[in-house]
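Colleague: Can you take me through this one? I'd like to start with the strand pairing.

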Amino acid sequence: MSKLILAIDQGTTSSRAICFDQNHKITGLGQKEFTQHYPKSGWVEHDPEEIWQSVVTTCKQAVENASASMEDVAAIGITNQRETVVVWDKTTGKPVYNAIVWQDRRTQKECLKLKKQGIEPRIRRKTGLLLDPYFSATKLAWILNKVSGARKKAEKGELLFGTIDSFLIWRLTGGQVHATDATNASRTLLFNIARNEWDEELLKLFNIPRSMLPGVKDCADDFGVTKADVLGAEIPILGVAGDQHAAMIGQACFAKGMLKATFGTGCFALLNTGKDKVLSRNRLLTTIAYRLNGEVTYALEGSIFVAGAAVQWLRDGLKIIKNAAESGELALKADETQDVYLVPAFVGLGAPHWDAEARGAIYGLTRNSGPAEISKAALESVAYQAHDLLEAMHKDWKTDTSDIVLRVDGGMVASDWTMQNLSDILNAPVDRPVILETTALGAAWLAGMKAGLWGDMQTFAKDWQQQQRFEPLMEPALRKRKINGWHKSVRSTLRAKQ
């Protein structure tokens, strides 16, 4: 009997595939980076064909590294970068344009135009989202309007739309299944999260043909079977969730009031609000945390566009470090008397500001400021932004959150310095799990549970293990001064772009 679960983790900068055994232990891993395309300022694209090849390659790598064969894989779970848009030909399967990435800002003018028409409040009530280029709908409309012949073909029913999960499902099943799950659908600006269906009014507003859209399933559901000539075996796809939702599941944040934050390219914090669809008064997002057996659990989400991307900037832009691990080492050498702040608004500011026009800035530089101070400011900016998210959640969430513990995952959490600083600035405990691959683990649990190989929600939650807890050590007066300095820097950045 096949006992391995293969999780596909298709991210913003790389594709990963991880094999898990029945004890949730990682037995094999494959990873492959792919090209980031920046055709114009503020534009970010991926080649869907390169993504597809990277997924096939890493799946085979993971199984090979697990000393197994594809016949040993019982089920596949998929998690993916959200909001990124792919449009492909229904007959040939070929994309009509590059994938437009969640970070892309090209549709800012269209969003501003709709805001001026007073449409945003109605969209927020239906989708829980804001009118921002971050989400899928305006990107999809751009492809239909700007790519020659695309709209005419779409209106004839010849084109399909999907976020990355849908594109992968379609390819893996040989074009037999065009589907997504409720979490990815909830990030498109086209899905009514109260009624759990594509919204006709929003489709009309953004001028999107209904025939392009995938069917929407539960997170643990039947998404078809892979064609044998794709991966080498017929394997059921039984779990799908957007990356942040999968991470929430992987962190076992199933109880109302539990909180997780993923520190990857960006930072995304999700607070489980149970069956309550909380509409934020502080510009957070209301989203579907997960949908199981037809029942929806909601979450409040705060999205930071730049977290680990700030460390990548230190490495690739400023070239003051050779690898990410050096950022913490360099920060330890910083002059403690200097208050240097980096506001990493390289692609605008996310929650709770949602200002697409803001741009990055550094404050507090002196003649003695150097690579160490800038590196420290980059790492500290992540904690400050997370602080702003949690403050907004405190204001929106009516339940007492004073005893909340933050569960963390993502590439940045391996740094003890960064996690201690996060705990200090938040003035809250931060728990780092034993299994840091929580996004892939969440997708694997969905598939493994649906396949009957892994335990139910309660069993999975009991199995979650803490690797280390970071407790706040910073003096209250220092914390207050540092946060005040950060807020002053953000206000200056927002003013500067006007």
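Colleague: Which residue stands opposite isoleucine 288 in E17?

Modeller: Tyrosine 298 stands opposite isoleucine 288. Strands here are DSSP runs of E with at least two residues, helices are runs of H or I with at least four, and both are numbered from the N terminus. This is a predicted model, in which local features need pLDDT of at least 70, side-chain atom pairs count only at pLDDT 80 or more, and totals for chains, interfaces and linings use all residues. Residues are numbered from 1 along each chain as its sequence is written, and side-chain values use heavy atoms, with hydrogens and water left out.

Colleague: How many bridges join E16 to E17, and do they run parallel or antiparallel?

Modeller: Seven bridges, antiparallel, with E17 covering residues 295-304. Two strands count as paired if DSSP finds at least two bridges between them.

Colleague: What is the strand order of that sheet?

Modeller: E16-E17-E15-E14-E20-E21-E22, an open sheet of seven strands with mixed pairing. E16 (285-292) and E22 (466-470) are at the edges with a single partner strand each, so one side of each has no neighbour in the sheet. Neighbouring strands are turned by 30 degrees against each other on average, direction ignored. Axes are lines fitted to C-alpha atoms, for helices over the stretch in contact, and angles between N-to-C directions run from 0 to 180 degrees.

Colleague: Which helix packs on the sheet?

Modeller: Helix H10, residues 243-250, packs on this sheet. H10 touches E14 (259-263), E15 (267-274), E16, E17 and E20 (406-409), and its direction makes about 60 degrees with that of E15. Contact means heavy atoms within 4.5 Å.

Colleague: Back to E14. How many of its residues are buried?

Modeller: Five of five. Buried means under 20% relative accessible area, exposed over 50%, and partly exposed in between, with a 1.4 Å probe and protein chains only. Leu259, Ala261 and Phe263 are on one side of E14, Lys260 and Thr262 on the other, and both faces are covered.

Colleague: What are the partners of E14?

Modeller: E14 and E15 run antiparallel and are joined by five bridges, with alanine 269 in E15 as the bridge partner of alanine 261. The two strands form a hairpin with three residues between them. With E20, E14 pairs in the parallel sense over four bridges, and there leucine 259 stands opposite leucine 406.

Colleague: Now the five-strand sheet. What is its order?

Modeller: E3-E2-E1-E5-E13, open, with mixed pairing. E3 (26-33) and E13 (237-242) are the edge strands and pair on one side only. Neighbouring strands in this sheet are turned by 15 degrees against each other on average, direction ignored.

Colleague: And how do E1 and E2 pair?

Modeller: E1 (residues 4-10) and E2 (residues 14-20) are antiparallel over six bridges. Leucine 6 faces cysteine 19 of E2 across that pairing. Helix H6 (residues 164-172) packs on the sheet, touching E1, E5 (73-80) and E13, with its direction at about 150 degrees to that of E5. Helix H15 (residues 438-451) lies across E1, E2, E5 and E13 and runs at about 140 degrees to E5.

Colleague: Different topic. How many cavities of 30 Å³ or more are there?

Modeller: Three. On a 1 Å grid over the protein atoms alone, a cavity is a set of points where a 1.4 Å probe fits but cannot get out, and lining residues have an atom within 4 Å of a point. Grid points are joined across faces, edges and corners, and the volume is the space filled by probe spheres set on the points.

Colleague: What volume does the largest cavity have, and what lines it?

Modeller: The volume of the largest cavity is about 90 Å³. Its lining includes Asp335, Asp339, Glu373, Lys376, Glu380 and Lys482. Helix H13 (residues 371-396) gives the largest share, five residues. The lining divides into five nonpolar, one polar and six charged residues.

Definitions and conventions. 1 Å grid on protein atoms, 1.4 Å probe; cavity = no way out; pocket = protein on both sides within 12 Å on 5 of 7 lines; lining within 4 Å. Nonpolar A, V, L, I, M, F, W, Y, C, P; charged D, E, K, R; others polar.
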